[in-house]
Amino acid sequence: MNQIARSHLIMFLFALSFLVPSLEASEGDADPIYKTCLEDCEISGCVGEMCFQHCKFSSDGKPIDGPWYLQEPLYQKWKQLDCRSDCRYHCMIAREEQRWKLGGKPIKYHGKWPFQRVYAIQEPAAVAFSAISLAIQFHGWLSFFILLNYKLPLRPDKKTYYEYTGLFHIYAILAMNFWFWSAVCHTRDVELTEKLDYSSAIALVGFSFILTILRTFDVRDEASRVMVAAPLIAFVMTHILYLNFYKLDYGLNTKVCMAMGVANLLIWGVWAGITSHPSRWKVWLFNVGGTIALLLEIYDFPPYKGFIDAHALWHVANIPLAYICWSFVRDDAVFRTSTLVNKTK
């Protein structure tokens, strides 16, 4: 094997190592005290002095005692407040209190940090920040729509001069869809909400990558746009099908999203360095904030007081980023429109 082939093989294996999901369970899952508490709770329906009236069923949903009409109410099933989830949560909290008294640090249970619930909301801080990001995205899209249709000149056929109008409308829909399902998933993390959250995330990041290429390379021809978008859309759709029908792999989804996110930042960074766009400084500002947000996703740490962890801070970072993004889009629309109007005179 020649030197070039050997180096390519090493690079391939190195990259592959990042795509292979870890097979190790969370540390908390193997904790004997936690496991004993969970087993006892699913039989007795109690954790310490706290008992759950609806805990009349084993983890597989079969009745332990009592007739069928003692099954959990529909509204509790909808919220997944069943015996298994309550036992897991309260056993986790009880075990973490024991560990804290002994000077231990928080550990993960079933792949997640121990968060404090607020009115059955699993991660209240992330839910609140997701809702704020959703509002910012809606405000940004609405101001963009008003600017184009009521403040800037239109073509004789009543269409906008800005060549990327339709693409940013699609971006807005995908962004608002993502933040909505993010809030839902962090409210109650079950398989369905996870699939919707992960799928909407990769759809948004994938389309953002397409939009980045089209705008920075100034691709205006429809045929060229299709040639750029088609393979990326195929990849994103294949990934979504993989997550939903083969394996719901959080680690793989995070890596794919982060790879596209880094590519977005690099392409916009190069573009801002060579363009004479009057608002290029906003691109630099967004890139700095985007880099910080990516580091928060990489550097994972347990939630402070059971509420704020690295992922929650990532949600916080996305609030000003959304505002900066739409601010640049509006400036870009004004700049491109004025340029095209001047050419027609």
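An unreviewed UniProt entry places the feature "transmembrane region" at residues 125–149, 161–184, 196–214, 226–246, 252–271, 283–299 and 311–329. UniProt positions are given here in the numbering used for this structure, feature names are shortened, and such annotations may be inferred rather than shown by experiment. The model itself is predicted, with local features needing pLDDT of at least 70, side-chain atom pairs counting only at pLDDT 80 or more, and totals for chains, interfaces and linings using all residues. Residues are numbered from 1 along each chain as its sequence is written, and side-chain values use heavy atoms, with hydrogens and water left out.

Now for the overall picture. The protein chain has 11 helices and 2 strands, where helices (H or I, at least four residues) and strands (E, at least two) are DSSP runs numbered from the N terminus. Read from the N terminus, the order is α-α-β-β-α-α-α-α-α-α-α-α-α. Of the chain's 345 residues, 45% count as buried; buried means under 20% relative accessible area, exposed over 50%, and partly exposed in between, using a 1.4 Å probe and protein chains only. Taking contacts (heavy atoms within 4.5 Å) between residues at least 6 apart in sequence, 69% join residues at least 24 apart.

Residues 125–149 are 100% helix and 0% strand, and their end C-alpha atoms lie 36 Å apart. For residues 226–246, the figures are 95% helix and 0% strand, with 28 Å between the end C-alpha atoms.

Next comes helix packing. Two packed helices are described by the angle between their axes and the distance between the axes. Axes are lines fitted to C-alpha atoms, for helices over the stretch in contact, and angles run from 0 to 180 degrees between N-to-C directions. Helix 5 (residues 124–151) and helix 6 (residues 165–187) have axes that come within 8 Å and cross at roughly 165°. That makes helix 5 roughly antiparallel to helix 6; angles over 145 degrees get that label, those under 35 count as roughly parallel, 65 to 115 as roughly perpendicular and the rest as oblique. The crossing of this pair, helix 5 and helix 6, is left-handed, meaning that the near helix is turned anticlockwise from the far one by less than a right angle (clockwise would be right-handed). Their contact residues split into 16 nonpolar, 8 polar and no charged. Here Ala, Val, Leu, Ile, Met, Phe, Trp, Tyr, Cys and Pro count as nonpolar, Asp, Glu, Lys and Arg as charged, and the others, Gly among them, as polar.

Helix 7 (residues 191–216) and helix 9 (residues 250–274) pack at about 20° with axes 10 Å apart, and are therefore roughly parallel to each other. Helix 7 passes helix 9 in a left-handed crossing. The residues that meet include Y198, F209 and R215 in helix 7 and Y250, M260 and W271 in helix 9. The residues of this contact between helix 7 and helix 9 come to 14 nonpolar, 7 polar and 1 charged.

The loops hold a few details too. Most residues other than glycine have a negative phi. D218, not a glycine, has a positive phi of about 55°. D218 sits in the loop between helix 7 and helix 8 (222–245) and, at 29% relative accessibility, counts as partly exposed. K305 also has a positive phi, near 60°. The loop between helix 10 (280–298) and helix 11 (310–344) holds K305, which counts as exposed at 61% relative accessibility.
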